[in-house]
Amino acid sequence: MNQSHIKPIEPEQGLMLEIAESQSALRAYITKLVGYGNHVDDIMQNCNLIIWEKRDDWDPETVFLKWAYRIAYFQSKSWIRDKSRDRLHFDEELLEMLSDDEPNYPNVSPIQQKLTKCLEAIDPVKKKLLLNRYEPNCSMEQLAEQHQYSVNNLSQVLRRLRIKLSDCIQSQQEVVV
Amino acid sequence: MYSIATGGGRLSDSFMKNRELIWKYLDQSITEDEFNELQVALKESQDLRKLYQHEVEVHQTFSELRKSDKSSNVISMNDQDFVLKQPNKLYYLLPWAAALLIASMYLWNLQSSKLKVTLVEANSVDWRGQPVEIGEVFSNRIMHLMRGKIALQFPTKTKAIIEGPAYFQVLNNHSVELSSGLITVEHDGKPGEFFVETPLGKITDLGTKFGVSVGHGTTESLVMTEVIEGEIKVETKDVSQKKHFLEGESVLLTGFHDEVTYQNTFKNEQIKLNFSLEVGENKNEEELNFALGKPVTASGYWNSPRMGEVFPPTAVTDGRYADSGTAGDWSFWLAPQHKNGYFVIDLEKVELIKKIELQNTRNRHYGDRGTENFRIEISTDGENYIEIVKDKLNSIKSWNEASYPFKVIDLEPVPARYIKFIVESHYQSTTKNNSSLHGSGGLSEIRIY
């Protein structure tokens, strides 16, 4: 192959690629620290802005995600300090422990494939119920009324389903290992 | 990765509980106390933190999966099926495919319309009409089980235990209609495959074990159901009343065919039923019980027929034990409120009796009735009585068959036609406020040999 015909990736293009590929991982990391909700989007947005502003600080010889996690860690702590007065949030000690347990995967597609496979084994009615839960702006109350459950019962049903799927995914990962 | 197996290969209760808390946190439905508990647990266990990490990833992947579903060829998602953007290219072949499918199903149905529901166990059964023997396949006819317990095996991996008196009909290989009586269902097959039809609605198994009691008040049917394990779906004629119930929950349906009311309590208490998870061993009656089925009169009995709370004295000789039964057809006698009471059995001829066996009552899960001190008198003419026994019965501790012993009273053989059982003192509620409001004499069964 004639290497002169291969166009080299510009440094900024490389960074944008890294940013794009790390979005899912970053989102999961932030969710781990601050819980699930719309505030994760806000923190993600701040993280992406800071990553871009401080892009020259990143050494391309190092793992991008590790650097991005540190930014996400401090942004999450900042959010907890400033905005989380009405919410339950982890204390400093646990946040540090969670941040030390950094995951080291490039993206979530392996889990997505496994989850899709595991969902095939679920009763179709239950599958529909579970995916309905992840519709935007879908409240538990609406879902419960729609499917003729009490809210408590629906919560239990969904929890059990997700635990079952989580174990299914885990068992596939253990087989691979 | 986190380790699923902990505590010697079994998931520990605290691990499972913490897992539930993680999902409650992710669902934003966690209470402050639960959150504090979760936080402590996460700090103490790296395994739990790894699990938490994994669950967050799963939770996030669901969201992304949902987004990717919406970005493909799915327009909308509601209670109906997914709607595709583009019509299937084979659309015009559908009518022919449907016709072929219907024809195939018709032929398949012809071959497999035979019922494959079998009687696998029986205990002390008394059939009225055509009986069924163990190993025999059921037909579609309406069955009357006067007394005893049977177990039916369905090809859907369902075992159903029916306790008489019961009227029932096996509808097909995955359902039974219960017009009256008690049924306990254990389903190991596909969720939603097996159901019980009752006068007030259909109860579908979405999990593993549940029970149904069908009884009657003066004008209404009463259907009680309790989920022993898993989940059920209850549907009445009013489709907006379709409801799901989980393990430990129970409900009472009352009403007529089209007008059905749901109740979570009965007489201000949670609905409880005593289901049979086993048929039990078939005991051959070597001795003849003179009292079985004989007429009984009494000083009085608890009679509140509207909701089937009727406890006549004839119940003491019906061959049914341990406060079993259904609304309108209970197997034990209760004296009226606050009364001791008595009853008289007519053996219909003079018999030489040498043993009497007594089984007390506790009035089901209420535990607020029963005989304490009693005496027994006998007569050959119904007028002149002599006392032959003066004794005491212990209270029944809990509402399960094993807790209902028979007290055996051996006698010197003595002729008698009329046996009078007189309650001298009774048990009453020890748990309700103002316990004197709840109490009376009663008895589940008397056997005379």
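Because the model is predicted, I kept local features only at pLDDT of at least 70 and side-chain atom pairs only at pLDDT 80 or more, while totals for chains, interfaces and linings use all residues. Residues are numbered from 1 along each chain as its sequence is written, chains are lettered from A in the order in which they are written, and side-chain values use heavy atoms, without hydrogens and water.

**Interface.** I looked up the contact (heavy atoms within 4.5 Å) and found 54 residues from chain B and 53 residues from chain A. The buried area (accessible area, 1.4 Å probe, lost on putting two parts together, summed over both) is about 5400 Å², with 56% from carbon and sulfur atoms. B:K43, B:Q60 and B:F62 supply 12% of what chain B buries against chain A, more than any other three residues.

**Salt bridges.** I counted 7 between chain B and chain A, a salt bridge being a side-chain nitrogen of Lys or Arg within 4 Å of a carboxyl oxygen of Asp or Glu. One joins A:K126 to B:E231, with the closest N and O atoms 3.6 Å apart.

I then checked the second largest pocket, which holds about 950 Å³ of space. A pocket is an open set of points on a 1 Å grid where a 1.4 Å probe fits, with protein on both sides within 12 Å along at least five of seven lines; lining residues have an atom within 4 Å of a point. Of its 33 lining residues, the closest to the centre include A:K126 and B:E231, the pair in the salt bridge above.

How values were computed. Points joined across faces, edges and corners; volume = space filled by probe spheres on them.
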